[in-house]
Amino acid sequence: MHDLKDIPLWRQPRVRGLFVQILLIVLVCWVIGTGVQNTIDNMSKRGLASGFGFLSDPAGFDIIFSMLPWSEDHSNGRAFLVALLNTLLVSFLGIVLATVIGFMVGIARLSSNWLASTLASIWVESIRNVPLLLQLFIWYFGVIQNLGGTRQSMAFYDVVFLNVRGLYFPWPKLPHEMLIFLVSFAFLFFGMRYFTLRHFRSKRVFWITLVLFTCLLWLLSGATLAFDIPAIRGFNFQGGAVLVPELVALLLGLATYTSAFVAEIVRAGFLSVNQGQFEAAASLGLNRAQTLKFVIIPQALRVIIPPLTSQYLNLTKNSSLGSAIAYPEIVLIFAGTVLTQTGMAVEIVAMTMGVYLVISLLIASVMNKYNSWIMGHGGG
Amino acid sequence: MKHLRIKVLVGLLLSSSGFGATIDQVRKKGFIQCGVSQGLPGFSEISGKGKWQGIDVDYCRGLAAAVLGDPAKVKFTPLSAKERFTALQSGEIDVLSRNTTWTLSRDTGLAVSFVGVVYYDGQGFMVRKKSGVTSAKQLDGATICVNTGTTTELNVADYFRANKMKYKMVVFEKSDEVVAAYDAGRCDVYTTDQSGLYANRVKLKKPDSHIVLPEVISKEPLGPVVRQGDDQWADINRWTLYALLEAEELGLTSVNVKKMKSSANPAVLRFLGVEKDMGKQMGLSRDWAMKVVKSVGNYGEIFERNLGAKTTLKISRGQNALWRDGGLHYAMPVR
């Protein structure tokens, strides 16, 4: 038997492991460091300006769709923010929509109803086998751009209008007050329901107090029922709010495309649950809905969540294809217009990559949290 | 496109030294890598026969004739508006000949040098005839389709602000999508350089029901660009361009240039390298200018071949005529 001390250092696994780790870290640092240093050297050698001063310069261009107030006087930094919010908006809505459609299609594909399962199969096979960019062009140029022009709009009760420029609908004249009212109303509704039902056990008390407090809230928030209704003035509809076709096309494209993959993941999840579980649930006297809710879905989710996370990440990154159909997301506005106006290619591309990295890591960490919750919660 | 962008970034990341003289590299590899557009009729596009053609393409062919003695020794890299400068900076191309506007911030901030003007352009507007608009001043509230990565976005913003008019701008990455969206009615107005408006009008479903408004809202001198810091290469480019203009002024064409060697005009003899070697200082052959004219013709021939009355574009010479004919083209004297 050898004592540890007898073994030479280079043959001790711990020491060797540590050495390899350190070597790897040094190597990685060297590669990154050389890359960065080389870029800086090359840029200064070629007389390229560098730095982040351009973010505070005025942008000088218009953005068709912005959730923040926007005009040409705002800075490039704000353009970055506007574009980032647009990317987040379409990704979030796309994820929600893709999940809903995907679950429905996935379950339909497993259905014993021949028509439902065949339609679901056609949906999945035709959508996931056509490139996304092509689908975006179909939605944008093939479907939406075939709507009528401004003067051939479809009108709904003369307050909502649909044409090639988008969907125009009325909007409160005092939007901030309206938002405050709606948010506090939601809190009020659920708070009151919880409180009255618990302490008075009476629905009548709930409704009466709700109406009273709602009136009070309405007065306090200063919201009015005045709506700005869109009408044709000059070239376009003015007034009201507009949902631009670029957003709609990108959202539909992303959601349907990803839904096909989600459907397959859902199907795989359900098929992974042993047939015996259905029989066991049935023998306990659970009906079909109860079986799904308490027995099957919790087990299926364990298989569904990890690949679903990848699809969410894909959808977010695919939203950059919106630049092809003029949706003002971060690649089009920031890595496109701002890049050409300022020429700060390295900084802008690095920032854009950073944005996608952060969004992706955030989604992944949320989904991982949910996954571990499912694992603990689902009776494992 | 994505592939190129990655190559360009990796180039910046990894290449260890600057560049040697461009002319040496060109001679070594045996061809000139020329950056052009992804398809703009009259300027640079692939013809039905699969060959590049256009005024920007002919410039590069002329350059190849001057440097390598053969107009065919040139390879073309189609670039989007936003890739073009990075491709030049990173050494992906040797010269950028892609309807690029010469501006102060580009010339000074991007480590590139403009060598001259191939085409004097200006930004204009196209609208549908049935809209009844006859002047850009009537465009208040209009929706405008535009191509990203160009000076046009800022020009429009400036013009509308100066005239206190409102507008909406729909920005696309490629010009084909801009044209398609305008054609579908997404926008009231399509704006780009006037040459581009005429060129792209041909692609619309009913070209005749669209008009180009008279206003020109910007100066767009389009010309070739080279990397900063290689004066010899910049000189070669500049004088190749001047040689095209000078040839027209002297009445030299691709047809008669060989015969003109026996001309009595000393300017012609100097130009053709008969009396004096005008190429040596640039590192070119004695008869470089003759090779240029012999292979692509003079500026007037290039213009008529690609943009003139016999083409679908039907653009008149206008400010692109020689100075003695009332235009803006003025070659510095070759002597």
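The model is predicted, with local features needing pLDDT of at least 70 and side-chain atom pairs counting only at pLDDT 80 or more, while totals for chains, interfaces and linings use all residues. Residues are numbered from 1 along each chain as its sequence is written, and chains are lettered from A and ligands numbered from 1 in the order in which they are written.

Chain B is divided into domain 1 (2-120 + 222-325) and domain 2 (123-218), with bounds from an automatic or database domain assignment. The C-alpha centres of these domains of chain B lie 29 Å apart. Between them, 14 residues of domain 1 of chain B are in contact with 12 residues of domain 2 of chain B (C-beta atoms, placed from the backbone, within 7 Å).

Turning to the two chains, 37 residues of chain A are in contact with 40 residues of chain B. On the chain A side, the largest share, six residues, comes from helix 10 of chain A (helices are DSSP runs of H or I, at least four residues, numbered from the N terminus).

Within chain B, helix 3 (residues 55-68) and helix 11 (residues 288-296) pack at an angle of about 140°, with their axes 8 Å apart. Axes here are lines fitted to C-alpha atoms over the stretch in contact, and angles run from 0 to 180 degrees between N-to-C directions. Helix 3 of chain B and helix 11 of chain B are therefore oblique to each other (angles under 35 degrees count as roughly parallel, over 145 as roughly antiparallel, 65 to 115 as roughly perpendicular and the rest as oblique). Among the residues of helix 3 of chain B that take part are B:Asp58 and B:Arg61, while helix 11 of chain B contributes residues including B:Trp288 and B:Lys291.

Note on methods:
Helix = DSSP H or I, 4+ residues; strand = E, 2+ residues; numbered from the N terminus.
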